[in-house]
Structure formats: C-alpha cells, structure tokens
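Reader: I would like to learn how to read a fold from its coordinates, step by step. Could you take me through one model?

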Amino acid sequence: MPHRRTFPCGHRGLGQYCHLCRDIELKRKQSEEKKLARKERADQIGSHVKKLSSHILDKAATALSQLNENNVKDLTVKTVAQEYTSVALNRNYRLVLDSRGESKGVMNHRRYDKLLRKARRKKEKAA
Ligand SMILES: [Zn+2]
C-alpha cells in the first residue's frame with residue numbers, strides 16, 4: 001500500500017509534493033499569462049478596449065496585423081471622412097485607424113459617430 005502523507009499545505013496525497021497545489025499554481029500562472037497577453041493586445045490596439053470581449057480583441061488584433069501586411073481581402077475596410085480607415089469587426093464594433101495607419105481604437109457606434117462628427121467639424125472649419 002502506498003503511503004499517503006500530509007503535505008505542509010495541509011492536503012493529503014502521494015509523492016514528493018502536493019499535486020493539488022501544483023495544479024492550482026499552474027492554473028494561476030496560465031491565467032496570469034492570458035491576462036498579460038490580453039493587455040499586450042489591448043495596448044497595441046489602443047484605448048477604450050478594457051471592456052471588450054477577448055473575441056473582439058482577437059479580431060481587432062488580427063485585422064491590425066492583416067492591415068500591416070496589406071492582406072485585407074477578408075476584411076470589410078472603408079475609408080471614412082477622407083482620413084480614417086474603418087474595419088468592421090462585427091455588427092457593433094469596428095477598428096479605426098488614422099491616416100498614418102495608427103490605431104484609434106475599437107469603437108462602438110456611439111464613439112464612432114462622435115469621431116466622424118468631430119472630423120466633419122474640423123473640415124468645415126478648414127474650408
Ligand atoms: Zn496542497
């Protein structure tokens with residue numbers, strides 16, 4: 001009969017260390033790595049993305065790299081207000097880039113409309 005022992009953590013089990021605690025630690029590390037990866041993507045895409053689902057964030061990151069590689073054939077890309085590039089991500093969100101190709105962030109309809117209104121006003125002033 002293998003001998004079950006009590007580890008310093010209080011769990012009981014076989015072997016040199018507590019497998020239960022190791023699994024918990026592994027899971028914690030994995031979720032930390034995921035969080036970090038998500039933050040990196042969010043930083044790349046720009047502000048206002050904290051509340052977005054990972055799915056939309058993934059789509060935006062993919063769209064951004066596709067644009068950088070000039071590989072836009074599966075993207076719905078539109079030029080708006082003569083200076084912005086808008087990429088549809090789904091029915092509610094789009095990724096917007098400025099004329100230099102810098103991300104302005106992922107936008108819902110409200111934020112996008114605001115951006116367009118501002119751009120229009122700027123043009124009216126300049127005219
Ligand atoms: Zn343990």
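Author: We will go from the whole chain to its sheet, its helices and its core.
Author: This is a predicted model, in which local features need pLDDT of at least 70, side-chain atom pairs count only at pLDDT 80 or more, and totals for chains, interfaces and linings use all residues. Residues are numbered from 1 along each chain as its sequence is written.

Reader: Which order do the elements of the protein chain run in from the N terminus on?

Author: Helices (H or I, at least four residues) and strands (E, at least two) are DSSP runs, numbered from the N terminus. Here the protein chain has three helices and six strands, and the order is β-β-α-α-β-β-β-β-α.

Reader: What radius of gyration does the protein chain have, and what would a compact globule of 127 residues have?

Author: The radius is taken over C-alpha atoms, and the globule rule is 2.2 Å times the number of residues to the power 0.38. A compact globule of 127 residues would come out near 14 Å, but this chain has 23 Å. Along the principal axes, its C-alpha atoms fill a box of roughly 85 × 30 × 25 Å. As for burial, a residue is buried if 20 or more other C-beta atoms, placed from the backbone, lie within 10 Å of its own, exposed if 12 or fewer, and partly exposed in between. Buried residues make up 17% of the 127 residues.

Reader: Let's turn to the sheet. What is the order of the strands in the open sheet?

Author: In general, strands of a sheet pair through backbone hydrogen bonds, either parallel or antiparallel. Two strands count as paired if DSSP finds at least two bridges between them. In this model, four strands form an open sheet in the order β3-β4-β5-β6, with antiparallel pairing. β3 (77–80) and β6 stand at the edges with a single partner strand each, so one side of each has no neighbour in the sheet. Direction ignored, neighbouring strands of this sheet are turned by 25 degrees against each other on average.

Reader: How many bridges join β5 to β6?

Author: Four bridges join β5 to strand β6 (residues 103–107), and four join strand β4 (residues 84–88) to β5. Val96 has a bridge partner in each neighbour: Ser86 and, in β6, Gly105. Leu95 is bridged to Val106 of β6.

Reader: And the turns beside β5?

Author: A hairpin through five residues joins β4 to β5. β5 and β6 also form a hairpin with five residues between them, and Gly101 in that turn has a positive phi of about 85 degrees. Arg100 lies in the loop between β5 and β6, and counts as exposed because it has 6 C-beta neighbours inside 10 Å.

Reader: Are the faces of strand β5 covered or open?

Author: In a regular strand the side chains alternate between the two faces of the sheet. For β5 (residues 94–97) both faces are covered: Arg94 and Val96 on one side and Leu95 and Leu97 on the other are all buried.

Reader: Now the helices. How many of the 27 residues of α1 are buried?

Author: One is buried, so α1 lies largely in the open. The expected span of a helix is 1.5 Å times one less than its number of residues. α1 reaches 39 Å from its first C-alpha to its last, close to the 39 Å expected. Gly46 follows α1 and has a positive phi, near 120 degrees.

Reader: Which residues of α2 are buried?

Author: They are Leu57, Lys59, Ala60, Ala61, Ala63 and Leu64. What covers the buried residues of α2 includes α1 (19–45), β4, β5 and β6, where a contact means C-beta atoms, placed from the backbone, within 7 Å. α2 lies across β4, β5 and β6, at about 40 degrees to β5; axes are lines fitted to C-alpha atoms, for helices over the stretch in contact, and angles run from 0 to 180 degrees between N-to-C directions.

Reader: Which residues touch the most other members of the largest nonpolar core?

Author: In soluble globular proteins, nonpolar side chains tend to be buried together. A nonpolar core is a set of buried Ala, Val, Leu, Ile, Met, Phe, Trp, Tyr and Cys residues joined through C-beta atoms within 7 Å. Of the 15 residues in the largest one, Ile45, Ala60, Ala63, Leu64, Leu89, Leu95 and Val106 touch the most other members. α2, β5 and β6 are the elements that give two or more residues to this core, and α2 gives the most, with five. Leaving aside neighbours within four places in sequence, Ala63 is in contact with Leu75, Val87, Leu89 and Leu95.

Methods: Two residues are in contact if their C-beta atoms, placed from the backbone, lie within 7 Å.
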